[in-house]
Protein chains: 2
Amino acid sequence: MQSPTALQLRQFRAQLTKFVEFSDEQWDLIASLLYLKSIKKKELFVSGDKVCNEVGFILQGSLRFFFVKDGIELSNYFCFQNELMSSYRSFLKRTPSIISIDAMEDSQLICFTYDSLQQLLADERTSFAMEHFGRMIAEYLICCYEERVFSFLTQTPEERYKRLIDEQPHFLNRIPQHYLANYLGVTAVSLSRIRKRIHESRSKQKLAS
Amino acid sequence: MQSPTALQLRQFRAQLTKFVEFSDEQWDLIASLLYLKSIKKKELFVSGDKVCNEVGFILQGSLRFFFVKDGIELSNYFCFQNELMSSYRSFLKRTPSIISIDAMEDSQLICFTYDSLQQLLADERTSFAMEHFGRMIAEYLICCYEERVFSFLTQTPEERYKRLIDEQPHFLNRIPQHYLANYLGVTAVSLSRIRKRIHESRSKQKLAS
DNA sequence: GCAATACGTTAACAAAGGATAAGAAAAAAT
DNA sequence: ATTTTTTCTTATCCTTTGTTAACGTATTGC
């Protein structure tokens, strides 16, 4: 169990301020429970049949969330540097994860365990802040999920892809296309066709103008 | 602003124990901020362009969540008796709701406002319990959403419908089919075809056995 | 450097879903 | 009770997607 450096802890704490402000005393208690975790490309952070016992903060690298169905991997989400991630449902409910998570690049994380979190929730010096923190994270995720369900119900795969280009262009460079296809709810072959359609209609527009 | 009866308050409190246990003192403070709301069939609880200011508990009746796209309503979710509901993203972030909510039947709710919630979160007698309550609700919703995204990515509309029959049969009796179709991510016409396919394969099985 | 693997595109065919319209059945309104 | 409206089904046609397989190109590992 390697401890994070002061620099790494600062990086983590700076990102957390989006959700909650910890006092220095609180932060020391939290920091003492954090540890580093390195994951090589393609290694698993969580396997889709085990209970997820930790939450990770990505110091560097990128992770992929995926479901396995009939032996096929279906990518579901992607997280990058400075994002907090876990298989939340499994972590929270203590049930086997239906999601697997692996690394798309060699990655380094700061992690804390479920037991650590319970310890902080039970400690009166940190319990209130941690309850609040947990609520903020959960509420943030709800908003993301509402958007995602909205896109599945109201948009075609082509519309979803176009929106991705506009709103999350960094996804395009760092995520293999067949992963992105799953994320959009189609096969890799279909995404390739969608891209072709878009390119063709773009070049027609150029000709016309 | 009509106040709930003692009986109605008991009904509400009993359901809340799934998420949090309030002391009697806390409950009195909360209950004093609750009010009744009646919604006639097809009336709106929230309109999809306004900020949602309240959370409701369904004493009786049923509500429908839907998006509006190009003037078309796309049903997204349904809530029944003893469920807590709101347009959470709008309520939490104070932004216009992208979801509209209306009543499928004449319904009666116990509601509280955003300001009431803030008041309870600021009151040291209730703040801890309310933070915890908020976290529990949010975490519950995350689990629901994870399931829902899972179903969109890994299942066909037909598989989703079959699973609905098994896992939420009460949906079938109380929700019009064209609403259900939206919920499953297809058109009403397509759901009708899916139903036909299923019935046909069921009767073939009967013949064979 | 070379072989093996992974990735993206394309083609051909089958299956499914969307759009539209028409009609039957059920529910609601008068 | 009888209109009127809503809901559900069916048919037709067209578009899109899934499936499978082939091919070229990057990447990776050795």
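Mentor: Gladly! Let's begin with a term: a salt bridge is a side-chain nitrogen of Lys or Arg within 4 Å of a carboxyl oxygen of Asp or Glu. Keep in mind that this is a predicted model. Over all chains, the structure holds 28 salt bridges.

Trainee: What makes B:Glu159 and A:Lys69 a salt bridge?

Mentor: Their closest N and O atoms are 3.2 Å apart, and the cut-off is 4 Å, so the pair qualifies. This pair crosses between chains, with B:Glu159 in helix α6 of chain B and A:Lys69 in strand β4 of chain A.

Trainee: Why is B:Glu159 called partly exposed?

Mentor: Buried means under 20% relative accessible area and exposed means over 50%. B:Glu159 has 31% relative accessibility, so it counts as partly exposed. A:Lys69, at 24%, is likewise partly exposed.

Trainee: What separates A:Lys162 and A:Glu158 in helix α6 of chain A?

Mentor: About one helical turn, because they are four residues apart in that helix. Their side chains meet in a salt bridge at 3.4 Å, N to O.

Trainee: Now to the two copies. Why are they said to be related as by a two-fold rotation axis?

Mentor: Chain B can be laid on chain A with an RMSD of 0.0 Å by a turn of 180 degrees and a shift of 0.1 Å along the axis. The two copies are therefore related as by a two-fold rotation axis.

Trainee: How do you know that the copies meet through the same surface?

Mentor: Because 100% of the interface residues of chain B are also interface residues in chain A.

Trainee: And what makes B:Arg193 a polar contact of DNA strand C?

Mentor: An N or O atom in the side chain of B:Arg193 is 2.8 Å from a base nitrogen of DNA strand C. The limit for such a pair is 3.5 Å, so this is a polar contact. Five residues of the surface near DNA strand C come from α9(A), the largest share.

Notes:
Residues numbered from 1 in each chain as written. Chains lettered and ligands numbered in written order. Predicted model: local features only at pLDDT ≥ 70, side-chain atom pairs only at ≥ 80, totals over all residues. Heavy atoms only, no water. Least-squares fit on C-alpha atoms with pLDDT ≥ 70 in both. Contact = heavy atoms within 4.5 Å. Polar contact = N/O pair within 3.5 Å; in protein donor to acceptor, adjacent residues only side chain to side chain. Helix = DSSP H or I, 4+ residues; strand = E, 2+ residues; numbered from the N terminus. Buried < 20%, exposed > 50% of the residue type's maximum accessible area, 1.4 Å probe, protein only.
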